[in-house]
Amino acid sequence: AISGDSLWIVQSSNGKGWLLKNRGDLEEAIRTFEYALRIAKRNDFNDQIKYLLNGLALSYAERASFDKALQYQFESLRVREGVGDSTEICIALNNIGFVYSELEDYENALRYYSKSYQVKVRNNIRYDLERSLANIGGILIEMRNYEEAEQILRKALIICDSAACRNDILVELYQTFGVT
């Protein structure tokens, strides 16, 4: 029963952390996520640990504390690699790319966005494949590599032609394509 109580505390604290983060109370969200993370680690709740690490990383990124955001994203990647779920690994790699993009470290952003895309291709993961290409294309634009960006974005549009993409992805692709 104690383990069940601990899991309930972790899950409810995770939910509370996301609510706080989404309403902009980042300091309280971070405290809530960190509290739950200590309990989750003590009880080896690996599923919860990766969600809490992600919540912490995104909260720190929104607060522009990118060093802490990267610390938590890399820890999340290690946990996800330990579990061996390729989809989860892609999420962590993509999130690391996002933080590097926010830091305007485009070489590392490109490296991690590309790794995420490559893991998806190797493991036949179709989820958000076109968004991965849009992320890569956006970074290539930042690096002023317009020709390669255009090729990548065309590849994303081909995916959208064969599998109906969500409207938000199409808007992002066309907007990024317009910049090239």
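This is a predicted model: local features need pLDDT of at least 70, side-chain atom pairs count only at pLDDT 80 or more; totals for chains, interfaces and linings use all residues.
A search of the whole structure finds one disulfide. Cys 160 and Cys 165 form this link, with their sulfur atoms 1.9 Å apart. The angle about the S-S bond is -95°, and the link is left-handed. Both of these cysteines, Cys 160 and Cys 165, are buried.

Ser 76 is placed in helix 4, which covers residues 66-83. Its relative accessibility is 0%, so Ser 76 counts as buried. Apart from residues up to four places away in sequence, Ser 76 touches Lys 50, Leu 53 and Ala 92.

The largest pocket has a volume of about 190 Å³. Helix 7 (129-142) and helix 9 (167-179) each supply at least two residues of its lining, and helix 7 gives the most, with six residues. The lining includes Ser 101, Tyr 113, Asn 135, Glu 142 and Glu 172. By class, five residues of this lining are nonpolar, four are polar and two are charged.

The second largest pocket has a volume of about 150 Å³. Among the residues that line it are Cys 90, Asn 94, Lys 120, Asp 128, Arg 131 and Asn 135. Helix 5 (86-102) and helix 7 each supply at least two residues of this lining, and the largest share, five residues, comes from helix 5. The lining of the second largest pocket divides into four nonpolar, five polar and three charged residues. Asn 135 belongs to the linings of both pockets.

Key: Residues are numbered from 1 along each chain as its sequence is written. Side-chain values use heavy atoms; hydrogens and water are left out. Helices (H or I, at least four residues) and strands (E, at least two) are DSSP runs, numbered from the N terminus. Buried means under 20% relative accessible area, exposed over 50%, partly exposed in between (1.4 Å probe, protein chains only). Contact means heavy atoms within 4.5 Å. A disulfide is a pair of cysteine sulfur atoms within 2.5 Å. On a 1 Å grid over the protein atoms alone, a cavity is a set of points where a 1.4 Å probe fits but cannot get out, and a pocket is an open set with protein on both sides within 12 Å along at least five of seven lines; lining residues have an atom within 4 Å of a point. Grid points are joined across faces, edges and corners, and a volume is the space filled by probe spheres set on the points. Ala, Val, Leu, Ile, Met, Phe, Trp, Tyr, Cys and Pro count as nonpolar, Asp, Glu, Lys and Arg as charged, and the others, Gly among them, as polar.
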